[in-house]
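Trainee: Before we look at anything together, could you show me how to read charged side-chain pairs in a model, step by step?

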Amino acid sequence: DEIAVLRAATSMRQASEWGMRAFQSSFPRLKDRFVYEERGDRRRVIKMCVLLLNFRANKVGINQIRNYYMPHLNQDANVFMH
């Protein structure tokens, strides 16, 4: 069904935009563009930022992606479990 595919694509795009907004608002002083590297300092900085963002989301408990998607995921899991 084409409509279901379009909705799924919109949902994924929206989640990635929310994630990027959370990342950018958590680290406002990072203005340079980082190119991903397999080895090197840039890789360490990016990985540390991701870990800090995840730590912050776990401790503060405010995460727009989790708050939006988890009720639907739990509902789907309950349907399959019963």
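**Reading the salt bridges**

Mentor: This is a predicted model, and the structure holds two salt bridges. A pair is counted when a side-chain nitrogen of Lys or Arg comes within 4 Å of a carboxyl oxygen of Asp or Glu.

Trainee: Which residue forms a salt bridge with glutamate 17?

Mentor: The partner is arginine 13, and the closest N and O atoms of this pair are 3.0 Å apart. Both residues belong to helix α1, which covers residues 2–26, and they are four residues apart, about one turn of the helix.

Trainee: And where do aspartate 41 and arginine 44 lie?

Mentor: Both are found in helix α2 (residues 41–60), where they are three residues apart, again about one turn of the helix. Aspartate 41 forms a salt bridge with arginine 44, with 2.9 Å between the closest N and O atoms.

Trainee: How should I read the accessibility of aspartate 41, exposed or buried?

Mentor: The general idea is that a residue is called exposed over 50% relative accessible area and buried under 20%, with partly exposed in between. Aspartate 41 has 58% relative accessibility and therefore counts as exposed, and arginine 44, with a relative accessible area of 52%, is exposed as well. In the other pair, glutamate 17 is partly exposed at 42%, and arginine 13 is partly exposed at 43%.

Trainee: What is the relative accessible area of valine 45?

Mentor: Valine 45, which lies in helix α2, has a value of 32%, so this residue is partly exposed.

Notes. Residues are numbered from 1 along each chain as its sequence is written. This is a predicted model: local features need pLDDT of at least 70, side-chain atom pairs count only at pLDDT 80 or more; totals for chains, interfaces and linings use all residues. Side-chain values use heavy atoms; hydrogens and water are left out. Helices (H or I, at least four residues) and strands (E, at least two) are DSSP runs, numbered from the N terminus. Buried means under 20% relative accessible area, exposed over 50%, partly exposed in between (1.4 Å probe, protein chains only).
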